[in-house]
Amino acid sequence: MSRPVEIVDYAILGGGMAGLTMAQALVPTLQPGERLAVVEPRKQYQHDRTFCYWDVAPIAADTCVKHRWNKWLVRSGGKTTVAKSDKYSYSYVPGDAFYQQAVSQIENSEQATLMMNKSAGTVKKTSYGRSHVTTSAGTLDAKWVLDTRPSPELVEAAETLQHFVGLHLRFDKPVFDPSTITLMDFDVSQEHGLHFLYVLPFSETEALVESTFFSANVLSQETYENYIHDYLKERFGVTESMLADAELVRMERGVVPMTPKCLAQPENPAWHKL
């Protein structure tokens with residue numbers, strides 16, 4: 001038995017922040033009769049990510065912002081530069097809050113569908129100027145395809161990786177200055193490649209601390225955590241006993257392929273890669 005074909009105007013492949021943000025922007029603009037579908041392989045959304053951005057222009061995620069900072073510092077070569085902006089803040093959105101808002105908006109629209117636990121496959125142009133997207137639930141016949149998935153070409157061409165582990169920690173004593181984020185601190189070990197520490201202080205006792213590398217190889221979980229612990233000791237005066245008593249609120253990690261190469265654009269004008 002052949003799988004069904006569903007006619008849509010917009011097919012968004014991948015329901016991460018890029019795909020959901022695009023869906024949130026498109027849903028209010030849908031004309032009568034237009035349809036939008038988001039294809040997302042995960043079964044459910046969890047607080048698996050931290051989203052941060054400079055609020056230079058309004059977006060839907062602004063209503064999910066939990067913290068804002070107007071001061072940030074960068075440290076390198078023994079020098080520290082602190083900058084401030086009263087106009088633009090650095091905004092923090094926890095993943096779960098963003099997902100909940102975006103999913104609710106899609107589900108409340110009669111013209112949009114979120115296809116959870118469904119995987120997208122190939123995208124092929126048709127003879128009549130549209131695209132066919134194969135999915136585990138059938139085929140989408142779409143006018144526009146917005147593909148947010150990492151392309152095989154990008155992964156293959158990647159000459160380096162951005163990889164990181166972040167620990168959201170809560171201490172029972174004051175540790176941080178909640179007015180200023182550490183955007184990049186390069187005065188740390190560079191043994192495994194370009195390396196910096198990143199600190200988002202939510203209060204004097206709570207912060208997200210990330211160890212971030214640009215290199216060809218992903219490290220062990222223990223290595224990232226050791227760098228974070230050593231950094232907290234050296235930069236913030238945290239003791240072993242404080243680390244032992246600290247609450248690990250959550251942990252996140254990521255690996256992003258990166259390349260300076262220009263990748264060929266898809267031939268199909270209805271297939272847009274984000």
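Helices (H or I, at least four residues) and strands (E, at least two) are DSSP runs, numbered from the N terminus. With that in hand, welcome to this structure: Ala137 sits in the loop between strands β10 (131-135) and β11 (138-147). This is a predicted model, in which local features need pLDDT of at least 70 and side-chain atom pairs count only at pLDDT 80 or more, while totals for chains, interfaces and linings use all residues. Residues are numbered from 1 along each chain as its sequence is written, and side-chain values use heavy atoms, with hydrogens and water left out.

**The nonpolar cores**
- A nonpolar core is a set of buried Ala, Val, Leu, Ile, Met, Phe, Trp, Tyr and Cys residues joined through side-chain atoms within 4.5 Å; buried means under 20% relative accessible area, exposed over 50%, and partly exposed in between (1.4 Å probe, protein chains only).
- The largest nonpolar core has 26 residues, and Leu36 and Phe98 have the most contacts inside it.
- At least two residues of this core come from each of β1 (5-13), α1 (17-26), β2 (36-40), β3 (50-54), α2 (95-107) and β8 (112-116).
- The most is given by α2, with six residues.
- A second, separate core of 22 residues includes Leu197, Leu232, Met242 and Ala246.

**Helix α1**
- Gly19, Leu20, Ala23, Gln24 and Leu26 are the buried residues to look for in α1.
- They lie on the same side of α1, because they cover an arc of only 170 degrees around the axis, the arc being that of the directions from the helix axis to the C-beta atoms.
- Among the elements that cover them are β1, β2, α2 and β11.

**Helix α2**
- In α2, Gly95, Ala97, Phe98, Tyr99, Ala102, Val103 and Ile106 are buried.
- These buried residues pack against α1, β2, β3, β7 (90-94) and β8.
- Leaving aside neighbours within four places in sequence, Phe98 is in contact (heavy atoms within 4.5 Å) with residues including Met17, Leu20, Phe51 and Val93.

**Two loop residues**
- Ala137 counts as partly exposed because its relative accessibility is 32%.
- Ala137 and Met115 are 22 residues apart in sequence, and their C-alpha atoms are 8.6 Å apart in space.
- Ser85 is in the loop between β6 (79-84) and β7, and it counts as buried because its relative accessibility is 14%.
- Not counting residues up to four places away in sequence, Ser85 touches Asn70 and Trp72.
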